[in-house]
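Q: How should one read the burial, the helices and the packing of a structure such as the one shown here?

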Amino acid sequence: MDTNRNNVLKITRTAMLLALAVLFQTLFRSLIPVPTVNIFIVGSLVNAVLMIAGVAAGVWGGLAVSILTPVIAYFQGHLNLVWMIPVVAIGNAIIMFIFYLFYNKNSYLGVALGSLIKFIFLLVAVRQLFKWIMGVPNLPALMQYSFSWPQLVTGIIGGIIAILVLRATKNSLEA
């Protein structure tokens with residue numbers, strides 16, 4: 001495949017996957033206004049998109065989606081603190097990149113490791129930054145819940161969705 005066509009495909013896939021992630025963030029938060037439920041639905045779907053983006057659009061496309069989704073969530077009012085944008089973006093990049101690295105060898109291991117490392121990173125980073133920036137030793141209850149074990153669960157669910165979608169679209173991704 002020629003380089004220009006390959007670049008256009010990757011850019012197009014990146015744009016489409018970012019649009020899908022934004023749709024999930026917007027639609028499900030509007031339809032189901034229960035934050036604890038949204039964590040699982042939106043989180044799982046966005047994690048799936050992140051992992052698909054790494055494989056289908058390459059690392060740079062996956063990074064673009066990883067970075068832009070928390071920026072958009074911030075402007076939508078779903079991520080209340082601006083300093084959380086880079087923290088969530090790094091967590092997103094972690095799950096995307098680890099899945100990307102393991103996809104052709106053992107995609108299930110990629111899901112497990114990516115989900116675990118993202119979970120640990122967010123758990124530690126959010127708590128430490130909250131103490132450091134806000135000067136408060138404890139996170140608000142919903143934030144403490146949001147950036148704890150549900151991150152591991154949504155990573156695993158998102159990974160299973162990503163594997164199923166990538167398998168179903170394998171032929172079109174190779175075109």
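A: Begin with helix α1, where Arg 13, Thr 14, Leu 17, Leu 18, Ala 21, Phe 24 and Gln 25 are buried. Buried means under 20% relative accessible area, exposed over 50%, and partly exposed in between, with a 1.4 Å probe and protein chains only. Helices (H or I, at least four residues) are DSSP runs, numbered from the N terminus. The model is predicted: local features need pLDDT of at least 70, side-chain atom pairs count only at pLDDT 80 or more, and totals for chains, interfaces and linings use all residues. Residues are numbered from 1 along each chain as its sequence is written, and side-chain values use heavy atoms, with hydrogens and water left out.

Q: How does one judge the length of α1?

A: The expected span of a helix is 1.5 Å times one less than its number of residues. Helix α1 has 29 residues and reaches 41 Å from its first C-alpha to its last, close to the expected 42 Å.

Q: What span should the 20 residues of α5 have?

A: At 1.5 Å a residue they should span 28 Å, and the end C-alpha atoms of α5 are 29 Å apart, which agrees. Buried residues of α5 include Pro 150, Gly 155, Gly 158, Ala 162, Ile 163 and Leu 166.

Q: Which residues have the most contacts inside the largest nonpolar core?

A: In soluble globular proteins, nonpolar side chains tend to be buried together. A nonpolar core is a set of buried Ala, Val, Leu, Ile, Met, Phe, Trp, Tyr and Cys residues joined through side-chain atoms within 4.5 Å. The largest one here has 21 residues, and those with the most contacts inside it are Leu 17, Val 49, Leu 50, Met 51, Ile 52, Val 65 and Phe 99. Helices α1 (3-31), α2 (35-75), α3 (84-134) and α5 (149-168) each supply at least two residues of this core. Helix α2 gives the most to this core, with 10 residues. Apart from it lies another core, of 14 residues, among them Ile 85, Val 88, Ala 125 and Phe 147.

Q: Which residues does Phe 99 touch?

A: Contact means heavy atoms within 4.5 Å. Not counting residues up to four places away in sequence, Phe 99 touches Met 51, Val 55, Ser 107, Gly 110, Val 111, Ala 162, Ile 163 and Leu 166.

Q: Is Ser 107 buried or exposed?

A: Ser 107, in helix α3, counts as buried because its relative accessible area is 9%. Leaving aside neighbours within four places in sequence, Ser 107 is in contact with Phe 99, Phe 102 and Ile 163.

Q: How is Tyr 100 to be classed, buried or partly exposed?

A: Tyr 100, also placed in helix α3, is partly exposed, because its relative accessible area is 35%. Beyond its neighbours within four places in sequence, Tyr 100 is in contact with Gly 54, Val 55 and Val 59.

Q: Where is Leu 79 placed?

A: Leu 79 is in the loop between α2 and α3, and Leu 79 counts as buried because its relative accessibility is 11%. Leaving aside neighbours within four places in sequence, Leu 79 is in contact with Pro 70, Ala 73, Tyr 74, Met 84, Ile 85 and Val 88.

Q: Why is Leu 27 classed as partly exposed?

A: Leu 27 lies in helix α1 and is partly exposed because its relative accessible area is 37%.
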